[in-house]
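Reader: I am new to this one, and I would like to go through it slowly. Could you show it to me before we start?

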Amino acid sequence: MSNPTLGQITASLRKTLSPIYGEGEAKAMIRLIFHNLKGWNQTQMIMNEDTPLSDYILFKVNAILERLLKHEPIQYILGEAYFYGMNLKVDRSTLIPRPETEELTDLIVNANREDDLRVLDIGTGSGAIAIALSRNLPYSKVTAIDISADALNIATENAKNLHADIHFIEEDVFTYFPAPGSFDIIVSNPPYIDESEKASMESNVLDYEPHGALFVPDSHPLIYYSRILEIASTALTANGRLYFEINPRHAAELKSMTENEGFSDVNVIKDIHGKARFITAIRNIK
């Protein structure tokens, strides 16, 4: 008896995954699985619908399915995530890059057309923002810091694979003091989810992604932004630009805090879902 075909297996996977993840998400997962295991795109999958799958591929598919049924993110299962036209290695020491963070990256790329910009990415994780900016801002010099050595190992590997020249530093933001006027751009997507929001979050995030990169205490939800504003108030050049990804529930407070630190042109920008998701600002020097 021959092994089941690709078409039979994908139909079975859709039937199993759709009630849990929804039909669209299930189809996207199946495409990712076979791109990872076979290198097939969607057209090649259609062309191979009647192809029997090997015992090895069936074993791998079943192992992936088992983990998906436990709500483990598919990016961690496959060890890769797609971000800004790049395939990045990820593991449980790094957050999975979000579409909103692609929007933040796009904001920076579209607003900064000069050459030789010096960029600092605070809390780089997988290196997603730093690498995307290095590849899209001409002749930029990008520095990226993170407190996690494990995350920096992943980021360094990603930069090497994507031919991006990044200066990675293992640093705690609360003890990091770059030289005055070191950077033209500072960007950060720091931990910003309030502890009290955990109750409404999906298990695939709570059970698998690094909590230190996600959550802040309810008593001090802007703790990272406060410190980054301190850094930016000296480390940015005159008219240097600051970019944050933020929690929409604290947008107004963070805007006021940024203005009170002496930054001008402080703008709250909405994401594609209409949520206040980003803040941009310029450093004034009187």
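**A first walk through the model**

Author: Let us begin with T94, which is found in the loop between strand 2 (86-89) and helix 6 (99-111); helices (H or I, at least four residues) and strands (E, at least two) are DSSP runs, numbered from the N terminus. This is a predicted model, in which local features need pLDDT of at least 70 and side-chain atom pairs count only at pLDDT 80 or more, while totals for chains, interfaces and linings use all residues. Residues are numbered from 1 along each chain as its sequence is written, and side-chain values use heavy atoms, with hydrogens and water left out.

Reader: Is T94 buried or exposed?

Author: T94 is buried, because its relative accessible area is 0%, and buried means under 20% relative accessible area, exposed over 50% and partly exposed in between (1.4 Å probe, protein chains only).

Reader: And what is T94 in contact with?

Author: Leaving aside neighbours within four places in sequence, T94 is in contact with Y76, G125, S126, A151, I154 and P210, where contact means heavy atoms within 4.5 Å.

Reader: Switching topic, how do helix 1 and helix 4 cross?

Author: The axes of helix 1 (residues 6-21) and helix 4 (residues 55-68) come within 11 Å and cross at roughly 5°, so helix 1 is roughly parallel to helix 4. Axes are lines fitted to C-alpha atoms, for helices over the stretch in contact, and angles run from 0 to 180 degrees between N-to-C directions; angles under 35 degrees count as roughly parallel, over 145 as roughly antiparallel, 65 to 115 as roughly perpendicular and the rest as oblique.

Reader: Which residues make that contact?

Author: Helix 1 brings I9, L13, T16, L17 and Y21, and helix 4 brings L58, V61, L65 and L68.

Reader: OK, what about the largest nonpolar core?

Author: The largest nonpolar core has 30 residues, and those with the most contacts inside it are I122, I186, L242, F244 and F263; a nonpolar core is a set of buried Ala, Val, Leu, Ile, Met, Phe, Trp, Tyr and Cys residues joined through side-chain atoms within 4.5 Å. Helix 10 gives the most to this core, with six residues. Apart from it lies another core, of 29 residues, among them L88, L104, L133 and F168.

Reader: What does F263 touch?

Author: Not counting residues up to four places away in sequence, F263 touches several residues, including L229, L236, L242, T258 and A281. T258, in turn, has its place in helix 11 and is buried, with a relative accessible area of 0%.

Reader: Where is E197?

Author: E197 has its place in the loop between strand 7 (193-194) and helix 9 (203-206), and at 18% relative accessibility E197 counts as buried. The side chain of E197 makes a polar contact with the side chain of N247 (2.9 Å); such a contact is a pair of N or O atoms within 3.5 Å, and within protein one must be able to donate a hydrogen and the other to accept it, while residues adjacent in sequence count only if both atoms are side-chain atoms.

Reader: Last one: what is the phi of Y139?

Author: Y139 has a positive phi of about 55° although it is not a glycine, and Y139 counts as exposed at 63% relative accessibility. H163 also has a positive phi of about 55° without being a glycine, and H163 is exposed, with a relative accessible area of 73%.
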